[in-house]
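Please consult the structure while reading.

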Amino acid sequence: MQPWAEQFPDLFAPGYWAWGDLDVQYTVEEPRDELISNVHVVCRTAGGIVVCTNDLGWRFLPGGTREPGETIEQLVRRELIEEAGARVTGPLTWLGAHRADHRRPAPYRPHLPHPVSYWANFVADVVIEHPPTNPDDGEQVTDVLVLPPDKAAEYLDGQVEEVGSVVRLAQAMQLV
């Protein structure tokens, strides 16, 4: 195994996400399924990687929060339709996850793991079939772009979750 933490020190460094009151640490080790609360996907499609922007100006990989009783595959399929209008056409490949240690006394939603959860990243092949569905209770996606991997990483740089580095890790692992 390559020393990913040495190659991507900013991604693997301990961090704090103030918006969620979370202490985070990236890992390539896969946690138990029931500890995964959120998933974001490096979506491979014709022309590159799918990236999104919402009405608040946040740039991100499509994905989101797990619903009660939802499998990882169901979560990914639902979120990709909602945020990118995309359909998964192949298997999900594990990339890594932020381990989140919650400082708040209760979970964000009652069914989510607490006080430790994981924000997982997978890689998958997709096709974009239509505009995002943008449900009323979800993020309002304003742009869905397909960019070459290097450009996608640059586009995502500067986001709290080190999203650009997640794409670069997928490149280094030869997954994109």
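The questions and answers below concern salt bridges in this predicted model.

Q: Why is the contact between Arg103 and Asp23 called a salt bridge?
A: The closest N and O atoms of Arg103 and Asp23 are 2.8 Å apart. A salt bridge requires a side-chain nitrogen of Lys or Arg within 4 Å of a carboxyl oxygen of Asp or Glu, so this pair qualifies. The pair links distant parts of the chain, 80 residues apart: Arg103 is in the loop between strands E8 and E9, and Asp23 is in strand E2.

Q: Why is Arg103 called partly exposed?
A: Arg103 has a relative accessible area of 48%. Partly exposed lies between buried, under 20%, and exposed, over 50%, so Arg103 belongs to that class. Asp23, with 26%, is partly exposed because its value also falls between those limits.

Q: What makes the contact of Glu67 and Arg109 a salt bridge?
A: The N to O distance is 3.4 Å, and this is within 4 Å, so the contact counts as a salt bridge. Glu67 and Arg109 are 42 residues apart.

Q: Why is the pair Arg168 and Asp157 said to tie parts together?
A: The side chains of Arg168 and Asp157 meet in a salt bridge of 2.8 Å, N to O. Arg168 lies in helix H5 and Asp157 in the loop between helices H4 and H5, so the pair ties together parts eleven residues apart in sequence.

Q: How many salt bridges does the rule give?
A: The count comes to eleven. A network of salt bridges links Glu70, Arg78, Glu79 and Glu82.

Definitions and conventions
Residues numbered from 1 in each chain as written. Predicted model: local features only at pLDDT ≥ 70, side-chain atom pairs only at ≥ 80, totals over all residues. Heavy atoms only, no water. Helix = DSSP H or I, 4+ residues; strand = E, 2+ residues; numbered from the N terminus. Buried < 20%, exposed > 50% of the residue type's maximum accessible area, 1.4 Å probe, protein only.
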